[in-house]
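Subject: Structure handover

Hi there,

Here is the structure I promised to pass on. Could you have a look at it alongside the notes below?

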There are 2 protein chains.
Amino acid sequence: MKPLYGGIEAGGTKFVCAVASGPDDIRAEERFPTTTPEETIARALAFFEQQGGGQAIQAVGIASFGPIDPDPRSPTFGYVTNTPKPHWAHTDFAGAVRRALGVPVGFDTDVNVAALGEGRWGAAQGLDTFIYLTIGTGIGGGAVINGELAHGLMHPEMGHTRIPHDWQADPFPGSCSVHGDCWEGLAAGPALEARWKQRGETLPPDHPAWALEADYLAYGVSNLVLVLSPQRVIMGGGVMEQAHLFPMVRRRVQEILNGYVKSPALLEEIDSYIVPPLLGNRAGVLGAIALAERAAQRATAQRA
Amino acid sequence: MKPLYGGIEAGGTKFVCAVASGPDDIRAEERFPTTTPEETIARALAFFEQQGGGQAIQAVGIASFGPIDPDPRSPTFGYVTNTPKPHWAHTDFAGAVRRALGVPVGFDTDVNVAALGEGRWGAAQGLDTFIYLTIGTGIGGGAVINGELAHGLMHPEMGHTRIPHDWQADPFPGSCSVHGDCWEGLAAGPALEARWKQRGETLPPDHPAWALEADYLAYGVSNLVLVLSPQRVIMGGGVMEQAHLFPMVRRRVQEILNGYVKSPALLEEIDSYIVPPLLGNRAGVLGAIALAERAAQRATAQRA
């Protein structure tokens with residue numbers, strides 16, 4: 001009998017819960033709106049208690065909206081921390097699930113969990129060091145390095161790195177409320193819309209918007225390649241649904257690196273180096289299942 | 001009896017070899033010029049065979065000039081690869097040492113090994129995720145993440161990331177032969193000298209060169225903080241011997257991040273977050289001892 005896991009994709013507006021052993025064996029799934037922590041977490045718990053067909057779930061993984069504390073050594077591990085979302089600030093989310101179900105609980109950011117999902121069942125299967133990016137209303141990034149998610153001090157905030165900005169060619173000041181023209185401020189969906197006064201998906205593929213967009217995306221990706229030396233870079237999110245961006249970004253990354261990183265992955269096989277995600281909008285909930293699997297394995301290893 | 005390790009700091013012009021159990025217990029040390037691989041490696045082997053006072057060394061760590069292959073899964077692991085240095089291209093450095101001495105051999109880049117040394121005995125003791133930078137004739141960086149060195153596809157090349165460059169304020173085109181105005185091209189020692197037509201150490205502390213230098217260093221460091229979320233950033237190398245740069249870089253990093261990373265380490269305790277190395281010019285050879293210690297532990301774990 002395959003072990004069963006619970007996954008929660010906890011977004012700011014809705015929760016998606018699933019019981020599964022993997023992507024081909026999803027036993028149950030439910031979605032409901034995010035209201036108060038008490039009500040929403042209780043509904044998730046009730047779902048887990050009723051599902052599985054009598055087979056107990058071994059662990060739960062939670063991909064949570066933030067900011068959160070994902071550090072298992074911290075006294076506030078598993079908390080949603082100082083979020084502006086009403087009622088949710090300083091909520092012990094993982095603790096509530098662990099106490100109610102009595103199983104190990106994994107807890108991480110939405111983008112880190114999606115990275116884990118793509119590593120387990122998606123576009124980064126078999127790799128131990130890779131990056132998952134989502135380019136949408138913001139730019140978020142998760143990194144798996146030597147098989148483990150990178151957390152460090154808190155968790156990465158790759159979207160807020162700075163890249164070259166040629167103000168003469170692009171006088172748009174950037175849309176980030178904190179940094180102005182950081183990577184996200186120059187290249188996320190809202191920047192596209194504010195710069196060209198129309199939504200990105202309405203711009204034709206030959207519009208100059210896309211060359212500029214590919215340029216900014218490529219600067220950010222090149223920096224990540226140089227800092228982390230990933231074996232692959234996965235680019236998802238609403239903006240990357242414009243699939244014509246991929247060849248443009250790949251070519252610009254090669255131009256920017258200018259042959260410096262002498263790896264066939266970058267020099268010859270870039271079509272399989274910078275790729276779209278495979279799990280699509282399933283990355284969150286499947287990643288949460290993968291996170292639960294890891295939490296169970298870690299608990300078993302600690303008992304041994 | 002403390003276990004003894006051998007360390008080699010293999011530079012392009014000289015080798016430093018040591019036998020030690022740690023920084024307070026260095027039993028022997030020798031330096032000699034880097035000539036042909038046959039001659040230089042033989043001299044290192046002769047040193048290790050004669051030292052230790054009868055006590056066998058458990059493993060050897062090598063911090064090598066590059067480019068190298070540090071991937072233990074690769075068929076050319078332990079090789080100096082396509083270096084322009086005469087005689088050294090495609091040399092099986094680690095293999096020669098392992099076959100002669102019959103002990104486990106660790107092999108990595110000079111900057112990665114220095115990072116390991118600072119983590120074991122220096123400015124990053126007790127941390128599991130940190131960055132070690134050297135700002136000198138180039139900019140190099142090593143990252144320890146979750147206690148392991150980051151390699152991925154090859155190894156990081158942090159010095160070649162791109163940062164904002166205001167051409168009006170600083171028309172200097174950058175000194176990197178591959179990328180022009182990448183981070184290293186704008187901020188390493190040769191850039192300072194070329195921009196101001198005098199060597200950095202001859203510029204007085206109130207010269208405008210330093211505010212610009214701190215600005216570039218802070219942009220690069222801020223990007224690394226956002227990508228890797230390190231618990232500490234160690235900045236060494238010749239340029240950072242201008243100690244007045246540290247408070248300037250710290251202040252600019254805070255201004256650039258603009259409060260976005262809500263960690264006391266950055267908001268309140270930045271004096272102990274961005275720091276000089278503690279091991280100084282001992283980081284290479286002591287790091288090699290730390291790398292040997294890891295190689296021995298790994299071999300023991302694999303036998304168990």
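Let me begin with one residue of chain B: B:Arg120 counts as partly exposed, because its relative accessibility is 35% (buried means under 20% relative accessible area, exposed over 50%, partly exposed in between, with a 1.4 Å probe and protein chains only). Its salt-bridge partner is B:Glu293, with N to O at 2.6 Å (a salt bridge is a side-chain nitrogen of Lys or Arg within 4 Å of a carboxyl oxygen of Asp or Glu). B:Glu293, in contrast, counts as buried at 10% relative accessibility.

Before going further, some ground rules. This is a predicted model, in which local features need pLDDT of at least 70 and side-chain atom pairs count only at pLDDT 80 or more, while totals for chains, interfaces and linings use all residues. Residues are numbered from 1 along each chain as its sequence is written, chains are lettered from A and ligands numbered from 1 in the order in which they are written, and side-chain values use heavy atoms, leaving out hydrogens and water.

**Salt bridges within the chains**

Over all chains, the structure holds 32 salt bridges. In chain A, the side chains of A:Arg298 and A:Glu148 pair up at 3.3 Å, N to O. This pair links distant parts of the chain, 150 residues apart: A:Arg298 sits in helix 9 of chain A and A:Glu148 in strand 10 (residues 148-149) of chain A. Helices (H or I, at least four residues) and strands (E, at least two) are DSSP runs, numbered from the N terminus. A:Arg298 is partly exposed at a relative accessible area of 43%, and A:Glu148 is partly exposed at 30%.

Chain B has a salt bridge between B:Glu148 and B:Arg298, also given as 3.3 Å, N to O. B:Glu148 lies in strand 10 (residues 148-149) of chain B and B:Arg298 in helix 9 of chain B, 150 residues apart. B:Glu148 is partly exposed with a relative accessible area of 31%, and B:Arg298 is partly exposed with 44%. Back in chain A, salt bridges that share partners join A:Glu29, A:Arg31 and A:Arg282 into one network.

**A helix crossing in chain A**

How do helix 3 and helix 9 of chain A cross? The axes of helix 3 (residues 110-121) and helix 9 (residues 283-303) come within 7 Å and cross at roughly 80 degrees; axes are lines fitted to C-alpha atoms, for helices over the stretch in contact, and angles run from 0 to 180 degrees between N-to-C directions. The contact (heavy atoms within 4.5 Å) includes A:Val113, A:Leu116 and A:Trp121 of helix 3 and A:Leu286, A:Ile289 and A:Arg294 of helix 9.

**Between the chains**

The contact takes 43 residues from chain B and 43 residues from chain A. About 3600 Å² is buried between the two chains, and carbon and sulfur atoms give 60% of that area; buried area is the accessible area (1.4 Å probe) that two parts lose on being put together, summed over both. B:Leu153, B:Arg162 and B:Val227 supply 19% of the area that chain B buries against chain A, more than any other three residues. Two salt bridges are counted between chain B and chain A. A:Asp128 forms a salt bridge with B:Arg73, their closest N and O atoms being 2.7 Å apart.

**One more residue**

B:Asp215 lies in helix 6 (residues 208-228) of chain B. B:Asp215 is buried, with a relative accessible area of 18%. Leaving out residues up to four places away in sequence, B:Asp215 touches B:Arg252 and B:Ile256.

Best wishes
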